[in-house]
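Subject: Structure handover

Hello,

Here is the structure you are taking over. Please open it beside this email and look up each residue as you read.

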Amino acid sequence: MNAADSESLARRLLAAGYVEDSLERADVAILNTCVVRQASEDRVYSKLHELKEWKTAERTVAVTGCIVAKEGTELRRRFPQLDPVVVPIGEYEDFVAGLEARYDYSQGEALPPAGRTGVSHYVRVIQGCDHNCTFCIVPRVRGRERHIPMAAIVRECSEAVDAGAKEVVLLGQNVDDYRDPDGSGGLAALVSAVEEIPGLKRLRFMTSHPQDLEPELLEVMAASDVICRELQLPVQSGDDGILKRMARGYQTRHYRAIVERARSLMPDLGLVTDVIVGFPGESEAAFMNTRALLEEIEFDVVHLAMYSPRPGTVAADRMQDDVPGSEKLRRLNDLLALQRTIASRKTARWVGRDVQVLIEGHDELGRLYGRIRQGKRAIVLKGSGIVPGQLVDVRVMHATAGQLTGLPAA
Ligand code: SF4
């Protein structure tokens, strides 16, 4: 979501004639912030401290993203030397107008094509979230859900494809809750409309919610050559008691049923989840239920996090953070090791198979990289003549937990 917001603001600035440059040469520094965990928030403060040396009377520091809703004007009080411009998420017009009044770059570059990175274009379809998971700060900082009209989304995606994008990624904190405000269609209808765009090679969406996922969405995915075979479906815990305390709105049997149905329709589905360990009240038995769920489902990727209280959430304000830090770390490391083994075993199954890779660019070693339809990252060796944006058939030669490596298939 932050990447999409940065993209949106960057496009607006580029249209006004601004160009990206090094911090040393820049007149304006903008921080797009995340506060989902304390560590992310701490990074914002550390960056702001770093900027004190850079800031002069001629230069502007701006802060946008979730910290604006959480801390608001407090930022200006804490950093008077920076006098930061505080920009609410998505409300970029006044900010850009203010900059234009101060700096005139109207002779700069023209508006670049949608999706500056070229290959993938990110489109926000829902802003905010109507759930109230007890650990989560997002509803407080991003507000209640606002849904973008389906026609506008399809138009934006079409323009991106016309400008050279090969893939679009539909984004929402809970993308499954999508409802066209001008009609009645949900996410299944939206992806069905977007996948019809001529020239579009791939369509992804994230993040799903087990409580809201429409059964027909899985049917639409299974029938499509464009929609990727990947589901980002956070489970958060494998224990029903903890799920209830988290107010997630589903039980593990419901989650299992979705996975079973999805895999029966798409046996090669890439399944990504999020798990929090050490949530208030998580006993050893509850933790072992999560461990057992990971062993049973065999996710492709698990984003693991130790619970950290976020002030303003129900869990922080009304529950006791009763799992000691050392125990949270032990549980985290235990699941990390388990998941590494599972992911290595699963990716090894790709070796010797042909996969289709959408080339995204070159890595730091100069090798081509991209993703397969199931979301796994792939390195393509000996791919002279292949360029970003190309779909390439690749024979997988080697696999690690995190990525595949292969050669262009003959
Ligand atoms: Fe946060 Fe996701 Fe729950 Fe919404 S659904 S409150 S974004 S965890």
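What follows is a short account of what was found, topic by topic.

The model is predicted, so local features are reported only at pLDDT of at least 70, side-chain atom pairs count only at pLDDT 80 or more, and totals for chains, interfaces and linings use all residues. Residues are numbered from 1 along each chain as its sequence is written, and side-chain values use heavy atoms, with hydrogens and water left out.

Strands

Helices (H or I, at least four residues) and strands (E, at least two) are DSSP runs, numbered from the N terminus. Two strands pair if DSSP finds at least two bridges between them. Strand β12 (residues 354-362) has antiparallel pairings with β15 (residues 391-399), over 5 bridges, and with β13 (residues 368-372), also over 5 bridges. To find these pairings on screen, note that D354 stands opposite R395 in β15, and V357 stands opposite I372 in β13. The hairpin of β12 and β13 has 5 residues between the strands, and in it G366 takes a positive phi near 85°.

The second largest pocket

Rolling a probe the size of a water molecule over the atoms shows where empty space is left. Here a pocket is an open set of points, on a 1 Å grid over the protein atoms alone, where a 1.4 Å probe fits and protein lies on both sides within 12 Å along at least five of seven lines; a cavity is a set of points from which the probe cannot get out, and lining residues have an atom within 4 Å of a point. The second largest pocket holds about 730 Å³ of space, where the volume is that filled by probe spheres set on the points, and points are joined across faces, edges and corners. Its lining has 29 residues, with V19, E20, D21, V28 and I30 nearest the centre. α1 (2-15), β1 (28-33) and α2 (38-54) each give at least two residues to this lining, and the largest share, 6 residues, is from α1. The lining has 16 nonpolar, 5 polar and 8 charged residues; Ala, Val, Leu, Ile, Met, Phe, Trp, Tyr, Cys and Pro count as nonpolar, Asp, Glu, Lys and Arg as charged, and the others, Gly among them, as polar.

The ligand

Around the ligand are C129, H131, C133, F135, C136, V138, P139, Q173, H209 and R248, where near means that a heavy atom lies within 4 Å. This shell has 6 nonpolar, 3 polar and 1 charged residues.

Cysteines

How many disulfides does the search of the whole structure find? It finds 0, a disulfide being a pair of cysteine sulfur atoms within 2.5 Å. C66 is in no disulfide, and the nearest cysteine sulfur, that of C34, is 6.3 Å away. C157 is buried at 0% relative accessibility (buried is under 20% relative accessible area, exposed over 50%, partly exposed in between, with a 1.4 Å probe and protein chains only).

Most residues other than glycine have a negative phi, and most peptide bonds are trans. A cis peptide bond joins M206 and T207, with omega about 5°; T207 lies in the loop between β8 (202-206) and α9 (215-223). Q236 is not a glycine, yet has a positive phi of about 70°. E298, also not a glycine, has a positive phi of about 55°.

Regards
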